[in-house]
Structures are given as C-alpha cells and as structure tokens.
Amino acid sequence: GASSEELLADYPALTGERLRLALLYAENIQGRSTRKQALEERTLPVSDRFLIDECLSLALVQVAHEAGFEAHHVAHVGLSGASDRAIFARVQAEGFIFVTNNRDDFVALANSVDLHAGLVVILPSRRREGQAALFRAALRRVREIGSMINLVLEIDESGQVSVLQLP
C-alpha cells in the first residue's frame, strides 16, 4: 500500500480528511478491525470539527472553541437557508460533526450514508443559555467517546446523553 502522502500526491482533489474517511471506510468494510479495536489501537482519528445548524445559537461556536474544538456556524460558511441535503453534503465533504436540533431529517440523512463523522442532536428547543449548557455536556461526552464516526449523540433537556450507531 501507498502512504497517505503518496495517495494525496496522486489524487490532488483528495483532501486529507476525505482520505482519512476513505481509509477508515475501507478498513471497516474489509473487517480488518472493529471500531473498538481501532480506538484501542488509536488508529481511528477523532474529528474535532463541528458545524452548527442555523436552528441553534451562534454562541455554540464559542462554546466549542472554549472546549478546544474547531467549530463553525452554517450562517458563517455560506449555508444560511440551504436545504438539509445541501448542508449534509458539506458536512460529509469536510468531515464535520454536525450539531442540530432537527433530529428527524438529519438522522435520516446520516442513516443514508455508509460513513459520517458524527451527529449531535440537542433535543429540546431552548434559548441560547440552555443550548450552551446542553452543548457543553455533549462536548464532554464527545471527548469521552473519542470518536464520533457513525455515531449520533442525543442530549435531552435534563442533560441525559444517549449514543446511537448509524448506519
């Protein structure tokens, strides 16, 4: 096998994040390593990039930054008013963990692909401070999990976190 550097040189349109996801996907479908083994071996990279949906407060970007994560809001990346499919396409292309309270639509989209970087769903509609508190709790759980690949983390109004694997 070629090294990551050789693959990136041979395929200039391929980004490092896309290569990482492609290699992870190939590893998983060939059955060479389970997700748990990959985490133990530290071969499964952790995405620390979040894209926050327009239905959530702009303040969540700062909450993520304070916790040491990269974050962007759809309003700041040219996706205001974009369809859910367009937003999810960008999430997929750039390897973002997506944060939303639009559970039904984005769980369906995450379930429609073989591999995604993860989804965080803040279940209740809350004002800015309530969203920030729930997102902080979600970020703590993301850090504990280590990788959100193909996971959906849901947090309810009490701060209870549940994790689902999709697909």
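# Chat about a predicted chain

Me: What share of contacts between residues at least 6 apart in sequence join residues at least 24 apart?
Reply: Among contacts in the chain between residues at least 6 apart in sequence, 52% join residues at least 24 apart. Contact here means heavy atoms within 4.5 Å.

Me: Before I go on, what kind of model is it?
Reply: This is a predicted model, where local features need pLDDT of at least 70 and side-chain atom pairs count only at pLDDT 80 or more, while totals for chains, interfaces and linings use all residues. Residues are numbered from 1 along each chain as its sequence is written, and side-chain values use heavy atoms, with hydrogens and water left out.

Me: How many helices and strands?
Reply: The chain has seven helices and six strands. Helices (H or I, at least four residues) and strands (E, at least two) are DSSP runs, numbered from the N terminus. Along the sequence the pattern is α-α-α-β-α-β-α-β-α-β-α-β-β.

Me: And how much of it is buried?
Reply: Buried residues are 43% of the 167 in the chain. Buried means under 20% relative accessible area, exposed over 50%, and partly exposed in between, with a 1.4 Å probe and protein chains only.

Me: Ok, strands. How do β1 and β2 run?
Reply: Strand β1 (residues 49-52) and β2 run parallel, joined by four bridges. Two strands pair if DSSP finds at least two bridges between them. Phe50 stands opposite Ala71 in β2.

Me: Which way does the chain cross between them?
Reply: From β1 the chain passes through helix α4 (residues 59-66) to β2, a right-handed β-α-β crossover. Right-handed means that, with the strands pointing away from the viewer, the path from the first strand over the helix to the second runs clockwise.

Me: Which residues are on the covered face of β2?
Reply: In β2 (residues 70-73), Ala71 and His73 are on the covered face, with Glu70 and His72 on the uncovered one.

Me: What about the end of the chain, where β5 and β6 are?
Reply: β5 and β6 (residues 161-165) pair in the antiparallel sense over five bridges. Leu153 has Val163 in β6 as its bridge partner. The two strands form a hairpin with five residues between them, and Gly159 in the turn has a positive phi of about 90 degrees.

Me: New topic. Which residues have the most contacts inside the largest nonpolar core?
Reply: Phe50, Val120 and Phe135, in a core of 27 residues. A nonpolar core is a set of buried Ala, Val, Leu, Ile, Met, Phe, Trp, Tyr and Cys residues joined through side-chain atoms within 4.5 Å.

Me: Which element gives the largest share?
Reply: α7, with eight residues.

Me: What does Phe135 touch?
Reply: Leaving aside neighbours within four places in sequence, Phe135 is in contact with Phe50, Ile52, Leu60, Val63, Ala64, Val99 and Ile122. Another core lies apart from this one, with 17 residues, among them Leu51, Phe88, Val91 and Val113.

Me: How many aromatic pairs are there?
Reply: Three. Rings of Phe, Tyr and Trp (its six-membered ring) pair if their centres lie within 6.5 Å; planes under 30 degrees apart count as stacked, over 60 as edge-to-face and the rest as tilted. The rings of Phe50 and Phe69 have centres 5.2 Å apart and planes at 90 degrees, so they are edge-to-face. Phe50, Phe69 and Phe135 form one aromatic cluster.
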